[in-house]
Amino acid sequence: MRRMTASEHDATARDTTSLDWPAVPGLAFGGDYNPEQWPLEVQLEDVELMGQAGVNLVSVGIFSWAMLEPREGEYDWGWLDDVLDRLHARGVSAALATATASPPPWLTHRHPEILPQDADGSTLWPGARQAYSISSPVFRDYALRMTRAVAERYAAHPALALWHVDNELGCHNAHDFSDDAAAAFRSWLEARYGTVEELNRAWGTAFWSQRYSSFDEILPPRKAPMFVNPTQNLDFHRYSSDELLAYFRDMKAILRELTPAVPVTTNFMCTTRSKHMDYFAWAADMDVIATDHYTIADDDERHIELAFSADLTRGVADGRPWMLMEHSTSAVNWQLRNRTKSPDEMLRDSLSHVARGADAVMFFQWRQSAAGAEKYHSAMVPHAGADTDVFRTTVRLGEILQALEPVRGSTVRAQTAVLFDYEAWWASELDSHPRNDFSYPEEVMHWYRALWQAGVTVDVVHPSADLSGYRAIVVPSLYLVRDEHAQALADAAEAGASVLITFFSGIVDEHDAVRLGGYPGAFRELLGIRTEEFWTLQGRDSHALDDGGRGEFWAEKTHLVPDQGATAVRSWAEGPLAGHPAVTRRPLGAGAAWYVGTRPDAATLRQLVDSVLEEAGVAPEAEAPEDVEAVRRHGEDGVAYLFVLNHTAQDAVITAHGRELITGAEVAGELTVRAGEVAVVAEGC
C-alpha cells in the first residue's frame, strides 16, 4: 500500500464552489437505498414510490461489496447497472458509495489479519459491520482496489451526482489496538515529534519510569495495570482521527482522478455522542459536509440537542450549506426503548436541520429491511407499505421541500458563538481527573440550551475560527487550549465581544501538561482571577450563591487579582468557600470577560446568559413563546427566510411579514403556527 504524500493531497484539493452540489433541482431529498435486499418487483415499485414522494437523491451501494465482488476479482455489476439506469430514468440521482463499509466474508476469511482489536487484545470478528483495521495495509489495498473498480465502472453514468466514501467512518472501529495500528501509531508519532527525546518531553515520561529510548518501544494505550499515560492516550485519539482521514484521502484521490467534476464526501456524525473524529480537522477535505443525526428517545429536550448538532455541522462546514445524510422517519432500533415519532415530529426534525443550514434531507433508509440487524429501524417506506402515516408524511415532506426550493444556498448568520473542540473533549474525559464523571458535551449543552431558550442563533465553532464577527462568545469547559486560541479570545474581548468562560477551562496545553501558577491557566490574565484549588462538589451536593441561586457539580477557591478590574458577580454564600467569587466579570477594552466557576442552577444560568446577551447587544431572532424555535437563513438577494418551529401543544403567534412558503399565504404582521407545525416566511421578497 502506498499512501498519498502531502503534495499529492494538496493536488487533489479544489475550489468546491465550482462543483455542482447538490446536483438536483432545489433541495435534495431521499435516503439510503439498498435494492440488493429486494426482488425485482419491489425494486420496480420503489422507483414509482420515489416519484410520488418527490425523491431526487438516494445513497446506493453502501454495504454492497459482497454483492458486487462475490469472490475475489470476480465482479457482478449487472444488478447495480440496472438500479442506476432505473433511477436515472425516473429523475433520481445517486450518491454512489465506494461499497467498502464492510469487507465481504471471503476477505476476512482469507485475511483475518485485517480484523481490528480492542484495548485488551480481543479481536473484533466479522458478523456485523466495519470489521476491519483502518491501518491494515492489506485491507487498505483491497478497499482502494474496490473503490477504483466502482469508479471506473460508473464514472460516466448519468445518475452519478456525488461520491459517498465508505460510511460513518470510525463509528465502530475508530480505536484499533492491533499490531498494524501500533506500527502506524509509531510512524505518526515520529512524524509529529521528530525525535524520541521530544516525545519524552511532551509526554512527561519522567513520571512512572516511562522514558523511551526508541520509537520502536511505543505501543498504543492498550489495557494496562493502572492509568495509561494521559498524553499517550490523547495522541492516540489524534492519531486515530488522522488515520481515518488518511483512509478517506486515499479513496478521494482515486475518485478525483477518475471523476474530477463529481463532488466527494463521507457522512460525519456531528452530535453530542460521537467524539472520536475531529471533524473540524476533516472539513477541508470534503467537497460538501454531510452528517447523520438521530434523536435520543429519553431526552425530553431532544429537539434542542438536534439544533446543537445542526449548528455544529454548520460550524464544521464554515457556515456553508451542508447535507443531512441520515436521520429517521420514526423509531430507530439501537436504543434501550426506541421511540416512535409522530408525523409532526418527523417534519419538525427534518425542517429544523434545513432551518440551520441543510440543503439536503435524507434518511436511513428508503425501504425498511425485512431481515438483518436493522430490520426494526424505521424507513421512508415501512414494513406496512405505502398505505401508512409514515409514507404519507414522507410524501408531505417531499412537497414541503419542493416549496422551500428558494431557500437553497442561503446561509445562517449568528452574532453568538459557542466554542467546541474535539481535542478538549478527548483530554477533558481522560481518567484521573478532579471529577471522573465529567462530561464535556453535557457542559456544552448546559450553555447551548440556555442560549436556545433565549431565542438567539448560535454558531458552534472551533477555537481557531475567526471570532471577529461575534458579539457574544461562550466557552464551556475548554480544558485543553492552545496559546494562540487563548489569545484570540482575549483579542475578541478587547475588540468588543462579551466572552464567557466556564470552569475547567484553560487548564492544560496541547500536550495535556498543566499550566502552572494557578487556574484557569491560559485564561488567568484575560479574566483577572486566580484559582488556587478545585473544590469539586460531592454527589448531588450544591451550595448557595449570594443572590439566592445555587452552584452545582463544581466549585473553586478563586481570588480576584488586585488591580486587574475583575469583580465578583456572584459569590459563594455557604460552605467552605463562602465569600469566594463564583462568577466574575472583568471589563476589557471595548468588551468584557466573564468567568463562571461552577455549574449554575437553571434560573441562575438563564440570568447570566441574559446579562451577557444584553451587554453584547444580541437579540432573539423573533419574539416567540417558550419552546417555539425561530431561525433565519439569508440569501444573497437580500431575502431572509424565517423558520418558525412550534414544539408545543398550543398554537403560537409571532410577528412576521412576507410570504409563507409552505402554504403560499401572505403574512402581514401576525403569523399563527399551529401546534407541532412549522412555518417558513420569505421576508423582503
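I began with R320, which is partly exposed at a relative accessible area of 45%. The model I am reading is predicted. I looked for the partner of R320 and found D318, with the two side chains meeting in a salt bridge at 3.8 Å, N to O. D318 is exposed, because its relative accessibility of 60% is over the 50% limit.

**Other salt bridges**

I then asked how many salt bridges the count comes to. The count is 46.

I picked out K252 and D287, whose side chains form a salt bridge with an N to O distance of 3.6 Å. I checked where the two sit: K252 is in helix 9, and D287 is in the loop between helix 10 (279-282) and strand 7, so this pair ties together parts that are 35 residues apart in sequence. I noted that K252 and D287 are both buried.

Next I took R632 and E621, which form a salt bridge with their closest N and O atoms 3.0 Å apart. This pair links distant parts of the chain, with R632 in strand 23 (residues 628-634) and E621 in the loop between helix 18 (602-616) and strand 23, 11 residues apart. Are R632 and E621 buried or exposed? I get 16% relative accessibility for R632 and 19% for E621. Buried means under 20%, so R632 counts as buried and E621 does too.

I also wrote down a network of salt bridges that links R192, D235, R238, E423 and R482.

**Nonpolar cores and a surface patch**

I turned to the nonpolar residues. In soluble globular proteins, nonpolar side chains tend to be buried together. Which residues touch the most other members of the largest nonpolar core? Of its 169 residues, I find that these are L87, L404, F420 and I473. Helix 6 (residues 137-154) gives this core its largest share, nine residues.

**Two threonines**

I looked up T393 and found it in helix 13 (residues 389-403). T393 is buried, because its relative accessible area of 9% is under 20%. I asked what the side chain of T393 reaches. The side chain reaches the backbone oxygen of D389, at 2.7 Å. Beyond residues up to four places away in sequence, I have T393 touching P343, M346 and L347.

I then went to T295, which is in the loop between strand 7 (290-292) and helix 11 (302-316). T295 counts as buried, since its relative accessibility is 12%. With neighbours within four places in sequence set aside, T295 is in contact with R302, L306, Q335, K341 and D349. I noted the spacing of T295 and T271 too: 24 residues in sequence, and 9.5 Å in space from C-alpha to C-alpha.

**Two histidines**

I place H109 in helix 5 (residues 105-110) and H647 in the loop between strand 24 (640-646) and strand 25 (652-654). H109 counts as exposed, as its relative accessibility is 69%. H647 counts as buried, with a relative accessibility of 14%.

Which residues does H647 contact, leaving aside neighbours within four places in sequence? I list H303, R348, W452, D627 and E629. For H109 I noted the spacing to A568: 459 residues apart in sequence and 66 Å apart in space, C-alpha to C-alpha.

Key:
Residues numbered from 1 in each chain as written. Predicted model: local features only at pLDDT ≥ 70, side-chain atom pairs only at ≥ 80, totals over all residues. Heavy atoms only, no water. Helix = DSSP H or I, 4+ residues; strand = E, 2+ residues; numbered from the N terminus. Buried < 20%, exposed > 50% of the residue type's maximum accessible area, 1.4 Å probe, protein only. Polar contact = N/O pair within 3.5 Å; in protein donor to acceptor, adjacent residues only side chain to side chain. Contact = heavy atoms within 4.5 Å. Core = buried A, V, L, I, M, F, W, Y, C linked by side-chain atoms within 4.5 Å. Salt bridge = Lys/Arg side-chain N within 4 Å of Asp/Glu carboxyl O.
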